[in-house]
Amino acid sequence: MTEELAQTRHLATEIPGPLSTAAMQRRKDAVSGGLGMAIPVIIKCASGAILEDIDGNRIIDLGSGIGVTTVGNSAPRVVARVQEAVAAFTHTNFTTAPYMGYIEVCEALNRMTPGSFAKKSILQNSGAEAVENAIKIARHYTKRQAIVVFEHAYHGRTNLTMALTAKNIPYKDGFGPFASEIYRMPLPYAYRWTGNPETITEDALKIVTTKIEKEIGAHNVAAIIIEPILGEGGFIVPPKGFLPGLQSFATDHKIVFIADEVQSGFARTGDWFAVNNENVEPDMIVTAKGIAGGLPLAAVTARAEIMDSSHVGGLGGTYGGNPIACAAALGSIETIEQENLVERARHIEKILFTALRAIAAKHPEIGDIRGRGAMVAIELVKAGSKDPNPELMAKVIKYCQSKGVLILTAGSYGNVIRFLPPLVISDALLNDALGVLAEAFDVSA
Ligand code: PLZ
């Protein structure tokens, strides 16, 4: 049985409390200094949208472990299915001796992802591993090498996905050499677009397609990969028409169009997938994070002929589609369906935008509010300009933490506060957290 934690914020000590502070010394002594830390507390248990630390503080989670616990922490259907699966068997390796959970997750993905054509899937352990496989499969299928990526993109931390990722610090600095045949294109970032805002979509498509044709040759391009709403890059929403325009260019040139929905997928944006918003049907979709309620699972889903192009044995991995993670995914999908979490994300969008607009009306440092569903962000600038304001971001985040509200950051300029709450968060808890955020601006800005 899962123990339900009270879904309320509660401060038992200062944050961090004495037990967490003592444990941090052990963390420092034992764990690589290369890992960051958003909040210096040790978590004892979690449920829904609440994390409880070892000092007894109950913290509101507006980050979902970077967009993972969409169905809430230790969601009951996930826990039940995982408990049953772990007791049945822990591992066989799907390519050694298959099991139904893997097949059922692939069936669900093939059914739920956009596109009325025949689809097939493979399962992996992490978003980065799935992106690697997506690129590998697209290259094999097209017999081409070039990959088109965008400014502000984030696709992972492995060697190939570091090369696909845009931002140097912290992701790439000193970790090269990077993989070749990757070409980065301008991204229409509406808030910082210096051209005519009226024609941003046409202008950006013209720039990108011309660069592809002149600098790479469209016939050399295996895949175009893009996040339909950029995640780590700061929740940049490409302007309407940009994704459909890219898709039709890709189709015209037999390029595999890949949507990296690792962060934006699985009900997060108020649709099952962010590409649903403009009826885009990518040839290939990469999913992870929200797919399995916290267990490590990722997938590549694509047109059947693309997925079948590899020779037998060309794809695989020891743990990909582990039976326990598959059980969690089935529990997570069931939760999204039965609790209407797609609609819930749209409701959360309204609460977030209303509260953030009210704060922005008082604080000109909020330069932009953007995103969809429960994937919303604010970009902080120096008042009266668009100069990034990472200092204010740090103060606001710190204040919120001290009051028991965990909020994550993002953005190429380190000045974006992003909201990724579990979709099961109650209105009351979300409003409590947003009240703390408003206070944080009042005392910091
Ligand atoms: N593609 C769009 O958002 C992971 C990174 C956290 P993995 N984003 C969180 C960090 O600092 O490492 C992500 C993503 C998009 C791919 C990935 C990679 O997914 O499961 O972290 O490998």
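Which strand gives the most to the lining of the second largest pocket? The model is predicted, with local features needing pLDDT of at least 70, side-chain atom pairs counting only at pLDDT 80 or more, and totals for chains, interfaces and linings using all residues. Residues are numbered from 1 along each chain as its sequence is written, and side-chain values use heavy atoms, without hydrogens and water.

**View 1. Strand S4 in the lining of the second largest pocket.** S4 (119-124) contributes five residues, the most of any element; strands are DSSP runs of E with at least two residues, helices runs of H or I with at least four, numbered from the N terminus. Helix H4 (100-112) also supplies at least two lining residues.

**View 2. The second largest pocket, with about 490 Å³ of space.** Phe94, Tyr102, Ser121, Ile122 and Leu315 are the closest to its centre among 22 lining residues. A pocket is an open set of points on a 1 Å grid over the protein atoms alone, where a 1.4 Å probe fits, with protein on both sides within 12 Å along at least five of seven lines; lining residues have an atom within 4 Å of a point. Volume is the space filled by probe spheres set on the points, which are joined across faces, edges and corners.

**View 3. The largest pocket, with about 1,400 Å³ of space.** Its lining comprises 45 residues, with Ile66, Arg157, Tyr171, Glu232 and Arg418 nearest the centre. Because domain 1 (2-74 + 340-444) and domain 2 (77-338) both give residues to the lining, this pocket lies between them; the bounds come from an automatic or database domain assignment.
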